[in-house]
Amino acid sequence: MLSSCLNLSKKVTHQQNVFNRLLVAVNFSTTNGKAAHFYDSVDSAIEDVKDGSKLLVGGFGLCGIPENLINSLISHGAKDLTVVSNNAGVDNFGLGLLLQTRQIKRMISSYVGENAEFERQYLSGELEVELTPQGTLAERVRAGGAGIPAFFTSTAYGTLIHLGGAPIKYSADKTIDISSQPRESREFNGRNYVMEEAITGDFALVKAWKADKAGNLIFRKTANNFNLPMCKAGKITIAEVEEIVECGEIPADQVHIPGVYVQRVVKGKSYEKRIERLTNFKEPNASESTTPALEMRNRIIKRAACEFRDGMYANLGIGIPMLASNFIPEGMNVTLQSENGVLGLGPFPRVGEEDADLINAGKETVTVVEGSSYFSSDESFAMIRGGHIHLTMLGAMQVSRTGDLANWMIPGKVVKGMGGAMDLVGSHGTKVVVTMEHVAKNGQHKIVETCSLPLTGKGCVDMIITEKCVFNVVEDEGLILSEIAEGVTVDEIKASTGCVIKVSDDLCQMKSL
């Protein structure tokens, strides 16, 4: 009996020891020193950023950028940085300041935009730039944070991104010193795809609206953008926030980023929240004088508006495509999507109603309609890449007879970047409509047999709308002239078009709203 009791005691003791070891292991796994640490200053939060670090920086244009962390990096002095960000701010704000101080060695971005210093340093060979389609960039970062080393996408198939040869660094004599390498491609279900590798970074610098004391983050409106995926792909994520609140003040079902992704939090001292393109609503003015150029532009806009259909989701580029939304017929429901993270765009705000956290992809201040939603850049391009957007309209430098599109760079001279265009035109099932002037200002053809400029997409254009006519692009047939503007002849169309065209048997006068 005594022996049985001793054996039972040993067994209980052994089980208790196992339980204690498990308890220690559980405690260790949840207190491994990686819980968010709250800093008193941005300077201390970034003090271990070293020369040569790779930084993932959130924001879109100037919306949602970690402006305090960026400013602190200037005084910190870390150099030879590789910065992954959709763009580089403007010359004198945001990442543009780090370009001014020559602290950035390489940018991995989708868009140069209106940052003249960015473009100048790139074209002069002072800066390495790896231009990447915006949706691909967002997905590469998302994949990095999810532990996925690579993925396949139809975006950019047949372009320099796929084939290699895109200039990363120029020499002083404008020749290409470093060029991009070809990417692997593969066919799935009859469609061609390009393999893209994931992106991670040493540090992610992001901007959130609020953090609670568990490190959970929430973003405000379109300031979500690239901040959300960047949070997940940094070895150390540093979040600057406008407000720090107690746990529970951000409802658990409204958290955008769980604290597991966030290592450091700091409250920004102040925010300028500069607006890049302050745009306000203007009342229509019937008495406003017109010019031939304005009449030509309006003709394209009103014809483009004929492509809207009730219940449609559409993505409209800046300029003529966006202006076409002013002519959506009354009673027709068209939901406008913007790739920076909003579904349900409304008109421009009236004076005094602007919100720096609410912009469109052209960085213009906007409003939203009832039923709208906000989301991150990777979510936005999942909608686009997945074929959930029915129509995209955008401009072009050149379109070929077979529907190839070029609209993002003139090598060695002009580079604005592809932004989201390659993703938008590479989506299966989305109708792609190009709106543009029929010929260039110097009289050169823009509609050509073969594009001489780097492609945005191959065989992707479905329709071309100019001030002179409308072409449908038909597979194995090329350009079919389907509509012609009043006062324009077929011979004039042929003379101003740099390739052979076919005339539809049902040729009609150009439609308009």
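Trainee: Let's start with Phe-152: buried, partly exposed or exposed?
Mentor: Phe-152 is partly exposed, at 27% relative accessibility. On that scale buried is under 20% relative accessible area, exposed is over 50%, and partly exposed is in between, using a 1.4 Å probe on protein chains only.

Trainee: Before I go on, what kind of model is this?
Mentor: It's a predicted model, so local features need pLDDT of at least 70 and side-chain atom pairs count only at pLDDT 80 or more, while totals for chains, interfaces and linings use all residues. Residues are numbered from 1 along each chain as its sequence is written, and side-chain values use heavy atoms, leaving out hydrogens and water.

Trainee: Got it. How many aromatic pairs are there?
Mentor: The count is 3. Rings of Phe, Tyr and Trp (its six-membered ring) pair if their centres lie within 6.5 Å; planes under 30 degrees apart are stacked, over 60 edge-to-face, and the rest tilted.

Trainee: And which ring does Phe-152 pair with?
Mentor: Phe-188, edge-to-face, with 5.3 Å from centre to centre and 65° between the planes. Phe-152 belongs to strand E6 (residues 150–153) and Phe-188 to strand E9 (residues 185–188), so this pair ties together parts 36 residues apart in sequence. Helices (H or I, at least four residues) and strands (E, at least two) are DSSP runs, numbered from the N terminus.

Trainee: Where does Phe-188 fall on the accessibility scale?
Mentor: Phe-188 is partly exposed, with a relative accessible area of 34%. Phe-188 also makes an edge-to-face pair with Tyr-193, at 5.6 Å centre to centre and 75° between the planes. Tyr-193 counts as buried, at 19% relative accessibility, and ring pairs link Phe-152, Phe-188 and Tyr-193 into a cluster.

Trainee: Nice. Which charged ends sit over rings?
Mentor: Lys-207 has its charged end over the ring of Tyr-271, 5.0 Å from the centre. Lys-210 does likewise with the ring of Trp-209, at 4.4 Å from the centre. The test is NZ of Lys or CZ of Arg within 6 Å of the ring centre and within 35 degrees of the ring normal.

Trainee: Switching to charges: how many salt bridges are there?
Mentor: There are 31, counting a side-chain nitrogen of Lys or Arg within 4 Å of a carboxyl oxygen of Asp or Glu. Lys-207 turns up here too: Lys-207, Arg-220, Lys-221, Glu-242, Lys-273, Asp-355 and Asp-357 are linked in a network of salt bridges.

Trainee: What does Lys-416 bridge to?
Mentor: The partner is Glu-119, at 3.7 Å from N to O. Lys-416 is in the loop between strand E23 (414–415) and helix H12 (421–425), and Glu-119 is in helix H5 (residues 116–123), so the bridge ties together parts 297 residues apart in sequence. Lys-416 is partly exposed at 31% relative accessibility, whereas Glu-119 is buried at 14%.

Trainee: How about Glu-139, who's its partner?
Mentor: Arg-142, with an N to O distance of 3.1 Å. The two are 3 residues apart in helix H6 (residues 134–146), so about one helical turn separates Glu-139 from Arg-142. Glu-139 is buried, with a relative accessible area of 13%, and Arg-142 is partly exposed, at 27%.

Trainee: Last topic, cysteines. How many disulfides does the structure hold?
Mentor: It holds 0, where a disulfide is a pair of cysteine sulfur atoms within 2.5 Å. For Cys-63, the nearest cysteine sulfur is that of Cys-231, 15 Å away. For Cys-499, the nearest is that of Cys-451, 9.8 Å away.

Trainee: Are those two, Cys-63 and Cys-499, buried or exposed?
Mentor: Cys-63 is buried, with a relative accessible area of 3%. Cys-499 counts as buried as well, at 11% relative accessibility.
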